Amino acid sequence: MGVTLKQLAASLGLSPTTVSRALNGFPEVNATTRERVRDAAIRANYHPNTRAKSLATGRAQAIGHVIPLSTSHEIVNPIFADFIAGAGEVYSRAGYEMILRVVADSDEASAYDNLVSRGAVDGIIVHGPRVHDPRVDMLIKLGIPFLIHGRTTNVSAPYSWIDINNQRSFHRATQFLIDFGHRRIALVNGLEDMDFADRRRKGYLEALAGAGLESDPMLMRQAEMTEPYGYRAAQEMMQLPEPPTAFLASSMIVAYGVRRGLSDLGLKLGRDVSVVTHDDELSYLPNDGDVPMFTATQSSVREAGRRAAMMLLQLVTDPGSGPLTELMEASLVLGASTGPASQ
């Protein structure tokens, strides 16, 4: 049986207000205390009374996520799943529900409008931002607290977001391969109308230009990030008159396809061809071992989900605190998939 907020607070020697604010991610409660309260809440099986809290605050105690059908595959995408898992941990501790809507592309705007007009949600997290994304202006006009997982380049109005430094991480990965002597480096990217992929391409091109290397359109691909796409890209580019000696992949899923494509050609990663990938630290696609399989730019999408949820709940409870932004840096983890350029 769970405990009440007062009982949890008493066991920690804190006031109920401090415990409530810690569970809701308020920045005035220091990180050590927030962590201590969170751990104690999990151990004590504490769950806020959502109905009572809703009546007391006048809020819906719910956060909305709207997914258009054209990207509904994201629901089974491990990247989306891990983000939602991270966000869900925070919602649950704070007594919030998650409302997930899958709608036709043409109904996306009306879905946001419906959620807001009915008072069904207190805030919204936006997924998959594009370089040109009209949802920011739309949500500003609706007057609902929202936060974007990622950024959108061509919006001048201030808005809240959390993102990884895609441009810098792919600049660094490309430079790493250049320092290993690679001059023919292929980019197997996501769809470049998506903001993250556009930024990764820019980082890749900047590193090539900085090293005095010309970019080759034949060594650049963009598509939905699947394993078969990575396989086809590797197979096709290795048949070029001047094939690449290294690949830069935009996800672990794509990197697995690249690895299979190279293996079917009798090529070994790290010896014949090098591969660097982005790794979102997915729960069921780990890049682990004594020596990781892939050299990777690494950033936890589950942690991004946790932070995004905490930031949005802060905007809900304190609308004047926004806009909130956080740029997460990716680390470069060395694995078995890279080596000097073969002569």
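A residue is called buried when its relative accessible area is under 20%, exposed when that area is over 50%, and partly exposed in between, with a 1.4 Å probe and protein chains only. The structure described here is a predicted model, in which local features need pLDDT of at least 70 and side-chain atom pairs count only at pLDDT 80 or more, while totals for chains, interfaces and linings use all residues. Residues are numbered from 1 along each chain as its sequence is written, and side-chain values use heavy atoms, with hydrogens and water left out.

**Overall form**

The protein contains 12 helices and 12 strands; helices (H or I, at least four residues) and strands (E, at least two) are DSSP runs, numbered from the N terminus. Along the principal axes, the C-alpha atoms fill a box of roughly 70 × 45 × 35 Å.

Of the 343 residues, 50% are buried. Contact means heavy atoms within 4.5 Å; among contacts between residues at least 6 apart in sequence, 68% join residues at least 24 apart.

**Aromatic pairs**

A pair of aromatic rings is described by the distance of the centres and the angle of the planes. Rings of Phe, Tyr and Trp (its six-membered ring) pair if their centres lie within 6.5 Å; planes under 30 degrees apart count as stacked, over 60 as edge-to-face and the rest as tilted. By this rule there are two aromatic pairs.

| Pair | Centre to centre | Angle between planes | Class |
|---|---|---|---|
| Phe176 and Phe180 | 5.3 Å | 75 degrees | edge-to-face |
| Tyr256 and Phe294 | 5.7 Å | 70 degrees | edge-to-face |

The pair of Tyr256 and Phe294 links distant parts of the chain, 38 residues apart: Tyr256 belongs to helix 11 (residues 252-264), and Phe294 to the loop between strand 9 (274-279) and strand 10 (295-298). Phe294 has a relative accessible area of 0% and is therefore buried.

In the other pair, Phe176 is buried, because its relative accessible area is 18%, whereas Phe180, at 31% relative accessibility, counts as partly exposed.

**Surroundings of Thr174**

Thr174 lies in helix 8 (residues 166-179). Its relative accessible area is 0%, so Thr174 is buried. Leaving aside residues up to four places away in sequence, Thr174 touches Ile185, Tyr204, Ala207, Leu208 and Leu248.
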